[in-house]
Amino acid sequence: MNDVAQTNFVGRSMARREDRRLLTGRGQFIADFELPHMLHAVFVRSPIAHARIKAVDVSRAAASPGVVYALSGPELVQELPPVPDTQLSLPRKWTTLVQHKFINPQQPLLAYDKVRHVGEAVAVIVAESRYAAEDAAQLVELQLDPLPAVLDPEAALQAGATIVHDKFATNLIGRFTVGKGDAAAALARAPRRLRRRFHHHRYAAMPMECRGVVGLHDPRTDSVTIWSATQVVHWLRREAAAVLKLPEGRVRCVALDVGGGFGVKGHVYPEDLLIPHLARRLGRPVQWIEDRREHLMCSCHSRDQIHDVEVGFDEDGRILALRDSFIVDCGAWNPIGAGVVYNTAVHVPGPYKIDAMAFEARIAATNKVPNAPYRGAGRPEAAFAMERIIDIVAGELGLEPTVVRLRNMIRANEMPFPMGMPYRDGQPIVYDGGDYPAALEKALAALGGLKAFRERQGAARQQGRYLGLGVGCYVEGTGVGPFESALVRIEPSGKIFVTSGACPQGQGMETVFAQVVADAWRVDPDDVVISLADTAAIAVGFGTIASRTTVTLSAAIHGASEKLRAKAFAIAANMLECASTDLELRSGGVGIVGVPGAEVSLAKLAQAARPGWDHGRPAGVDAGLEETYYFEPPTVTWSYAVHAAAVEVDIELGRVTIENYAVAHDCGVVVNPMLVDGQIVGGAAQGIGGALLEAIDFDPEGQLLTASLVDYMLPTACDVPRVNLIHQHSPSPLNPLGVKGVGEGGPIGPPAAIANAVADALSPFKVEFDRTPITPQRIDEAVRSAARVR
């Protein structure tokens, strides 16, 4: 047996094993995937935001050289129904606790009655090459009867507004209220009150790899295989089986190497289902690869919320009541339903103790690209509203914002802390541990300290320079259910094989879970084989969304390993002629406690467990050495962080330079510190982009104005500062490893921290920045407007 040190692998910064292939050009992404005789699909997309479809003529395209098949939406709807209910189901407990109403428009695979946003697919061309398909797509003739486009979510909810989905006679497709205490009475009693409107604008995930799908049909078994750049292979298999009217056992879904997801690939799209249908119909494999323009006009956008917040507080800055009525522009369809919107409501309070709160959310349908999760999924909007309110309250009272935060923060000795509202799993929200004030103080210390900054700020103003410091605090529910699966098998080679429904997109899951398994079995990580994102490997799984995989899969691995260890010990006890209670795991095997050399390797145990001949397996022990476990979390764990930004604002150019940036973060037990650091810094870069640069804009007719990366501005290395990271550790009691989620946290804090920092820098002008992005134009307008008033 290998000599494996008994020190833990969990907690070590280990190089990503995935990088062996990814950095040497041996990774395989969906666009790299080739099958013999593969056809290529191109979609014809609406050039109009809102119109009735009178006719779609694909005849000229069908006759074009190289074209094998052309299909329009009106033709397809006769063959396939609309997409099944794709929204995440709401737990029964939640539906009984939260007053709500949701309408679920079902999206067709191709539009057939109306087009509802620019870029909605109305036809598909399948050809021998993508070039031929692209050429033929230009020949499709659309007869569209234009309708007024509704683009403003508030206007969409007004009487007389153009209706996006005629059958519902309303654009209000979702609504709920939730709260704690009597907010109205507490506001009426509050010594001070103020109101503000906050707008967190529309932007979206921009993974390096766009979406893509390959479908293959096997006529012998009438089964299909789908390769998709998705985060949810089992969800896709389930919906594909429903659309194709096949048993799930006849549908296999695989995600190859996926070049980033960030939520935009976290649900099932029409293309995921139409491509395997075409492969089945044509008897040849079919591939569709999304280009960047399509990604910007067809893959889901995110954010886009308007919050009207009223807060009641006393002279010391203690928040007594909070009321938030907000609207979410969900675009033409609502793929995820209540998930993002409810996330926003329950994350608004953040790390603060507020006795009376009321939230009302409305979801408006408009003629824009659908809105769905992007890294953070409703939480950046919540933190932006809450953290701006804190700074505004401080300004009203002439107090340092840090003082107001500390006066309202939940203390470490108050943990676990009940918040008095249900989470989206229906369970009561209870923060499961942490020290929020310490995180705030450490983040400020990492910037050199608040006092020193204020001295430097004052000196800079004497020189005509404008420095500002801003903070963005948040908490994040992570590791949400309903479940995740793990299968653990000891192979005759002694290797440990693990598979799950989780789907990696670059996070380093193969490395992280090899570390978890190595500790569970006292083996080297190189002796662990991790296979993910393949429905053929495990029957049931959930997928990778919502900062959940480290929490749920590590716990599932633990549960499967506990069951498997009992079986392995029973076999070892029979082979070593001892009681199973006398055994322990040892460097790749099982041995008798206190008896050196009295041991049997995992390889021999696996061989002994084989069915058939007597290899040492005792009577009453089933053959095989593998176990499957489904971890169903009791509720979420709560990560948190404080982001602090020091900026300089050039009022002549409207330019914001981030001079220094710090994050104090707590995600419980850290499995791989290097990868956690990468998650936080990468997420912070996306949050900085959302705060200052990235924006999806439409003209009054609903035409996308940011249809390429020339217009949609992503942050570069010049825009992202070095991030000072401080880790706190409050292990969660809700799972065996004590881990909390980390994947989505990075983008939550930057918009709030940067907005507060810019407002602080420009405080001599008495201006506020209550909408994102904070562009040079908006800074210039604010300064000029303030100068006119003065």
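A word on the ground rules. This is a predicted model, in which local features need pLDDT of at least 70 and side-chain atom pairs count only at pLDDT 80 or more, while totals for chains, interfaces and linings use all residues. Residues are numbered from 1 along each chain as its sequence is written, and side-chain values use heavy atoms, with hydrogens and water left out. Helices (H or I, at least four residues) and strands (E, at least two) are DSSP runs numbered from the N terminus. Two strands pair if DSSP finds at least two bridges between them. Axes are lines fitted to C-alpha atoms, for helices over the stretch in contact, and angles run from 0 to 180 degrees between N-to-C directions. Contact means heavy atoms within 4.5 Å.

A second open sheet has four strands in the order β22-β21-β20-β26, with mixed pairing. Here β22 (528-532) and β26 (626-631) stand at the edges with a single partner strand each, so one side of each has no neighbour in the sheet. On average, neighbouring strands of this sheet are turned by 15° against each other, direction ignored.

Strand β20 (residues 484-490) pairs with β26 in the antiparallel sense over six bridges. In that pairing, glutamate 484 has phenylalanine 631 of β26 as its bridge partner. Helix α16 (residues 509-521) packs on this sheet, where it touches β20, β21 (496-500) and β22, and its direction makes about 135° with that of β22. Helix α17 (residues 549-576) packs on the sheet as well, touching β20, β21, β22 and β26, at about 145° to the direction of β26.

### What sits inside

In soluble globular proteins, nonpolar side chains tend to be buried together. A nonpolar core is a set of buried Ala, Val, Leu, Ile, Met, Phe, Trp, Tyr and Cys residues joined through side-chain atoms within 4.5 Å. Buried means under 20% relative accessible area, exposed over 50%, and partly exposed in between (1.4 Å probe, protein chains only).

The largest core has 232 residues, and those with the most contacts inside it are Tyr431, Trp521, Val758 and Leu762. Its largest share, twelve residues, comes from α17. Leaving aside residues up to four places away in sequence, tryptophan 521 touches Val488, Ile490, Ile496, Ser561, Leu564, Arg565, Leu585 and Leu602. A second, separate core has 21 residues, including Ile125, Ala127, Ala132 and Ala136.

### Two helices crossing

Helix α12 (residues 379-397) and helix α13 (residues 401-408) pack at an angle of about 115°, with their axes 8 Å apart. Where do they meet? Glu387, Ile390, Asp391, Val393 and Ala394 in α12 face Pro401, Val404 and Arg405 in α13 across the contact.

### Backbone exceptions

Most residues other than glycine have a negative phi, and most peptide bonds are trans. The table lists some exceptions.

| Site | Feature | Value |
|---|---|---|
| Methionine 415 and proline 416 | cis peptide bond | omega about -5° |
| Threonine 772 and proline 773 | cis peptide bond | omega about -5° |
| Phenylalanine 262 | positive phi | near 60° |
| Aspartate 304 | positive phi | about 65° |

Proline 416 is in the loop between α13 and β17 (417-422), and proline 773 is in the loop between α20 (750-761) and α21 (776-789). Phenylalanine 262 belongs to the loop between β12 (251-254) and α9 (270-282) and is partly exposed, at 28% relative accessibility. Aspartate 304, by contrast, lies in strand β14 (residues 302-313) and is buried, with a relative accessible area of 7%.
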